[in-house]
Amino acid sequence: MKYDITKTITKGAQRTLYALSGAMFLLLEKNDFEGITVNEICTFTNYPRATFYNYFDDKYDLLNYCWYRLEQRIELDDYTGIAPEERIYVFFDRIYDLLDSEITAVQKILEKNTESGYMFNSFRIYLGRRMVEIFRGCISSNNYSIPKEIVADHYCNTLLLILKWAFRKDLSYSKTQAHKYLYYLLRS
């Protein structure tokens, strides 16, 4: 991303970043990611292309920022006070609650974007990378005869698998049921 989000963000920049990322989420409800253009994003937000390019290299860069915003809403950085063996369940709950609170939008996005498309792969990679970092510290090396990184990757993939199935329109199930599935798959 061209704009350095690690520095203090002005209110104007924050408004612009939120408008552009918000537009991306709204457009994902109507089109698949591959069909969305920078022109469409700019038209939707009423920002000129120059403003878009002051913040992002392209729509892929904007999508990564959208994942960053979701990460902030989920509070993935807030894990130091959580017992290592409980982190995956706490993060599952946070992600589930966020997706559930936006269920209509999530289901529209799922309808328009295929699992094999760029948007899903981008989400999987972004969230997976962050969660592997977090889960790596949760795993006791005494409990496993395989590298921590593999176990962390397994935790992350299992969490994403349960979320995917929990929010499919035709198969959705409750948070309690999703928890049971997650627990079963991780403990068996």
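**Close-up views of a predicted model**

**View 1. Asn46, a residue on the outside.** Asn46 counts as exposed because its relative accessibility is 71%, and exposed here means over 50%. You will find Asn46 in the loop between H2 and H3. Please keep in mind, here and in every view, that this is a predicted model. For context, most residues other than glycine have a negative phi.

**View 2. Helix H1 and its cover.** Helix H1 takes in residues 11-28. As a reminder, an α-helix has 3.6 residues a turn, so residues three or four places apart point the same way.

View 3. Beyond its neighbours within four places in sequence, Tyr55 is in contact with Ala13, Thr16 and Leu17, among others. Tyr184 lies elsewhere: 129 residues from Tyr55 in sequence and 43 Å away in space, C-alpha to C-alpha.

**View 4. The largest nonpolar core.** In soluble globular proteins, nonpolar side chains tend to be buried together. Here the largest nonpolar core has 55 residues. H8 gives the most to this core, with nine residues. Which residues have the most contacts inside the core? They are Met24, Leu28, Ile41, Met131, Phe135 and Leu159. Take a look at Ile41: leaving aside neighbours within four places in sequence, its contacts include Leu20, Ala23, Met24 and Leu27. Ile36, Phe52, Lys59 and Leu62 are in contact with Ile41 as well.

**View 5. The largest pocket.** This pocket has a volume of about 700 Å³. Its lining is made of 27 residues, and those nearest the centre are Trp67, Leu70, Leu99, Val106 and Phe123. Two or more lining residues come from each of H1, H4, helix H5 (87-101), H6, H7 and helix H8 (148-166). Which element gives the most? That is H8, with five residues. Sorted by class, the lining has 18 nonpolar, two polar and seven charged residues.

View 6. Rolling a probe the size of a water molecule over the atoms shows where empty space is left. How many cavities of 30 Å³ or more does a search of the whole structure find? There is one. The largest cavity holds about 40 Å³ of space, and its lining residues are Leu70, Ile74, Ile95, Leu98, Leu99 and Phe123. H4 and H5 each give two or more residues to this lining, and the largest share, three residues, comes from H5. By class, six lining residues are nonpolar, with no polar and no charged ones.

Key
Residues are numbered from 1 along each chain as its sequence is written. This is a predicted model: local features need pLDDT of at least 70, side-chain atom pairs count only at pLDDT 80 or more; totals for chains, interfaces and linings use all residues. Side-chain values use heavy atoms; hydrogens and water are left out. Helices (H or I, at least four residues) and strands (E, at least two) are DSSP runs, numbered from the N terminus. The expected span of a helix is 1.5 Å times one less than its number of residues. On a 1 Å grid over the protein atoms alone, a cavity is a set of points where a 1.4 Å probe fits but cannot get out, and a pocket is an open set with protein on both sides within 12 Å along at least five of seven lines; lining residues have an atom within 4 Å of a point. Grid points are joined across faces, edges and corners, and a volume is the space filled by probe spheres set on the points. Ala, Val, Leu, Ile, Met, Phe, Trp, Tyr, Cys and Pro count as nonpolar, Asp, Glu, Lys and Arg as charged, and the others, Gly among them, as polar. Contact means heavy atoms within 4.5 Å. A nonpolar core is a set of buried Ala, Val, Leu, Ile, Met, Phe, Trp, Tyr and Cys residues joined through side-chain atoms within 4.5 Å. Buried means under 20% relative accessible area, exposed over 50%, partly exposed in between (1.4 Å probe, protein chains only).
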